[in-house]
Amino acid sequence: MDDESDAPVVHLSRLDAAERATGPEPDWALLSPDERARADRMPPSARRVWIHSRALLRTTVAHHLGCSAREVRPARDPLGRPFLPDAPHLHISLAHTTDCCAVAVSTAGPVGVDVEWVRPVSLPDGLARHILGPAELEEWDRVATPDRTRWLLRRWTWKEALLKAEGIGLAGGPRSFRVRRTADGLRVSGGRHRPECWWLDEIPAGPRHVAAVARDRRGRTPR
């Protein structure tokens with residue numbers, strides 16, 4: 001990928017069986033009262049990784065700011081995006097899925113990160129029609145059956161990361177633009193998305209997950 005000098009920093013954390021079995025006390029201590037109340041309402045299957053993702057956000061930001069993780073106080077804007085009222089120069093994004101979470105940090109512009117667990121997808125053709133444009137659907141039709149799930153979920157993360165960087169999420173219309181792999185990396189085109197406006201790349205996430213990160217080069221504020 002070209003021009004990586006100002007690429008976002010991504011911290012990705014996977015929970016193995018031993019970590020899932022241990023209590024969340026070290027992470028729990030970093031959460032706000034509102035986050036603890038929210039976690040208490042979650043089913044056990046989602047609770048552990050959600051708690052860990054919020055702790056990872058704080059420890060990651062603390063590393064960049066040179067402060068204690070307990071001093072980091074993230075907030076949410078009206079659209080639900082995290083931001084740092086005390087450090088507006090630092091742009092952040094957060095994602096989590098089964099057994100894995102990711103935090104992206106950028107000082108160069110709004111950032112988005114997404115991670116997905118590679119699992120069987122019900123009605124994959126329906127999901128493909130929801131997120132892929134016409135040219136991408138033609139490519140989807142040519143993908144061999146054993147590769148289809150991972151292929152589709154990878155593209156989901158590409159588009160979700162970019163739309164999170166843009167600040168509108170999947171409501172922004174993932175079918176309205178195309179992401180394709182070229183010799184120079186991932187390229188965005190179509191609709192309001194011009195290639196020069198976006199930095200987009202995949203994150204190595206192991207055999208069970210796929211992940212991507214995007215940065216908006218236009219320098220808009222994250223809220």
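Biologist: What volume does the second largest pocket have?

Modeller: About 320 Å³. Keep in mind that this is a predicted model.

Biologist: Noted. Which residues are closest to the centre of that pocket?

Modeller: S32, E35, R58, P74 and A75. The lining has 20 residues in total.

Biologist: How do the lining residues divide into nonpolar, polar and charged?

Modeller: There are 11 nonpolar, 1 polar and 8 charged residues in the lining of the second largest pocket.

Biologist: And which elements give two or more residues to that lining?

Modeller: Helix α3 (33-40), helix α4 (44-65) and strand β2 (75-76) do.

Biologist: Which one gives the most?

Modeller: That's α4, with 4 residues.

Biologist: Since α3 and α4 both came up, at what angle do they pack?

Modeller: About 160 degrees, with the axes 9 Å apart. That makes α3 roughly antiparallel to α4, because an angle over 145 degrees counts as such.

Biologist: Left-handed or right-handed crossing there?

Modeller: Right-handed, as α3 passes α4.

Biologist: Now another helix pair. How far apart are the axes of α5 and α7?

Modeller: They are 11 Å apart. Helix α5 covers residues 124-131, helix α7 covers residues 148-166, and they pack at an angle of about 25 degrees.

Biologist: So are they roughly parallel or roughly antiparallel?

Modeller: α5 and α7 are roughly parallel to each other. The reason is the cut-off, because angles under 35 degrees count as roughly parallel.

Biologist: What's the handedness of that crossing?

Modeller: α5 and α7 cross in a left-handed way.

Biologist: Switching to sheets. In what order do the strands run in the sheet that holds β5?

Modeller: The order is β1-β5-β4. It is an open sheet of 3 strands with antiparallel pairing.

Biologist: Which are its edge strands?

Modeller: β1 (9-14) and β4 (91-97), each pairing on one side only. Neighbouring strands in this sheet are turned by 10 degrees against each other on average, direction ignored.

Biologist: How many bridges join β4 to β5?

Modeller: 7 bridges. β5 spans residues 100-106 and runs antiparallel to β4.

Biologist: OK, next sheet. What is the strand order in the one with β10?

Modeller: β6-β10-β9. This is also an open sheet of 3 strands, with antiparallel pairing. The edge strands are β6 (111-117) and β9 (198-203), and each of them pairs on one side only.

Biologist: What's the average twist from one strand to the next?

Modeller: The twist averages 15 degrees.

Biologist: Let me zoom in on β9 and β10. How many bridges join them?

Modeller: 6 bridges, with β10 at residues 209-216 and the two strands antiparallel.

Biologist: Which residues stand opposite L200 and D201?

Modeller: In β10, A214 stands opposite L200. V213 stands opposite D201.

Biologist: And how many residues lie between β9 and β10 in the hairpin?

Modeller: There are 5. Look at G206 in the turn, which has a positive phi of about 85 degrees.

Biologist: Great, I'll check those on screen.

Definitions and conventions: Residues are numbered from 1 along each chain as its sequence is written. This is a predicted model: local features need pLDDT of at least 70, side-chain atom pairs count only at pLDDT 80 or more; totals for chains, interfaces and linings use all residues. Side-chain values use heavy atoms; hydrogens and water are left out. Two strands pair if DSSP finds at least two bridges between them. Axes are lines fitted to C-alpha atoms, for helices over the stretch in contact, and angles run from 0 to 180 degrees between N-to-C directions. On a 1 Å grid over the protein atoms alone, a cavity is a set of points where a 1.4 Å probe fits but cannot get out, and a pocket is an open set with protein on both sides within 12 Å along at least five of seven lines; lining residues have an atom within 4 Å of a point. Grid points are joined across faces, edges and corners, and a volume is the space filled by probe spheres set on the points. Ala, Val, Leu, Ile, Met, Phe, Trp, Tyr, Cys and Pro count as nonpolar, Asp, Glu, Lys and Arg as charged, and the others, Gly among them, as polar. Angles under 35 degrees count as roughly parallel, over 145 as roughly antiparallel, 65 to 115 as roughly perpendicular and the rest as oblique. A crossing is left-handed if the near helix is turned anticlockwise from the far one by less than a right angle, and right-handed if clockwise.
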